Amino acid sequence: MSAGRRDPDPREEQVRRMLDGPHPVLPPDLAARAVRHGGRRMRLRRAANRTAGWLLAVVLVAFLVWVGVEQPWATEPAQVTPPLEGW
């Protein structure tokens, strides 16, 4: 055996035979169907992203309104008054 040569891989040979062999016949409208399918998927993805954006905006507005009304950072006023003595 020479140093630069190796035995051929049987799987590689099988792939080469498959690629060199007869190719299957494709439907003539395959490209048009692929374009339609891709366009449909792109429209659905765009609609989902748009819906998610609107939902995020609505949640943000609702949160800001809640924060403005409730003011959760403010302390509660005291509910108990000191007793009145000495009058």
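**Basis of the entries**

I note that this is a predicted model, in which local features need pLDDT of at least 70 and side-chain atom pairs count only at pLDDT 80 or more, while totals for chains, interfaces and linings use all residues. Residues are numbered from 1 along each chain as its sequence is written, and side-chain values use heavy atoms, with hydrogens and water left out.

**Entry 1: the whole chain**

I looked up the secondary structure and found two helices and zero strands. Helices (H or I, at least four residues) and strands (E, at least two) are DSSP runs, numbered from the N terminus. I then compared the radius of gyration, 36 Å, with the 12 Å that the globule rule gives for 87 residues; the value is well over the rule, so the chain is more spread out than a compact globule. The radius is taken over C-alpha atoms, and the rule is 2.2 Å times the number of residues to the power 0.38. Along its principal axes, the C-alpha trace spans about 115 × 45 × 15 Å.

**Entry 2: surface and charge**

I recorded that buried residues make up 2% of the 87 residues. The chain exposes about 9000 Å², of which carbon and sulfur atoms supply 64%; such areas come from the Shrake-Rupley method with a 1.4 Å probe, and for residues only the protein chains shown count as cover. I also noted 13 positive and 9 negative side chains, with the centres of the two sets 16 Å apart. Here Lys and Arg count as positive and Asp and Glu as negative, while His and the chain ends are not counted. Each charge is placed at NZ of Lys, CZ of Arg, CG of Asp or CD of Glu.

**Entry 3: helix 2**

I checked the span of helix 2, which has 41 residues: from first C-alpha to last it reaches 59 Å, close to the 60 Å expected at 1.5 Å a residue. The expected span is 1.5 Å times one less than the number of residues.

Which residues form an aromatic pair? I found that phenylalanine 63 and tryptophan 66 do, in a tilted arrangement with 6.0 Å centre to centre and 35° between the planes. Rings of Phe, Tyr and Trp (its six-membered ring) pair if their centres lie within 6.5 Å; planes under 30 degrees apart count as stacked, over 60 as edge-to-face and the rest as tilted. The two residues are three apart in helix 2 (residues 30–70), which means about one helical turn separates them. Phenylalanine 63 is partly exposed at 45% relative accessibility, and tryptophan 66 is partly exposed at 43%.

Just after helix 2, I noted that glutamine 71 takes a positive phi of about 45°, although this residue is not a glycine. Glutamine 71 is partly exposed, at 38% relative accessibility.

**Entry 4: distances between C-alpha atoms**

I looked up alanine 57, which lies in helix 2 and is partly exposed at 34%. Alanine 57 and glutamate 13 are 44 residues apart in sequence and 58 Å apart in space. Threonine 51, also in helix 2, is exposed at 51%; threonine 51 and glycine 86 are 35 residues apart in sequence and 66 Å apart in space.

Lastly, I turned to aspartate 7, in the segment before helix 1 (10–20), which is exposed at 56%. Aspartate 7 and leucine 19 are twelve residues apart along the chain, and 20 Å separates their C-alpha atoms.

Definitions and conventions. Buried < 20%, exposed > 50% of the residue type's maximum accessible area, 1.4 Å probe, protein only.
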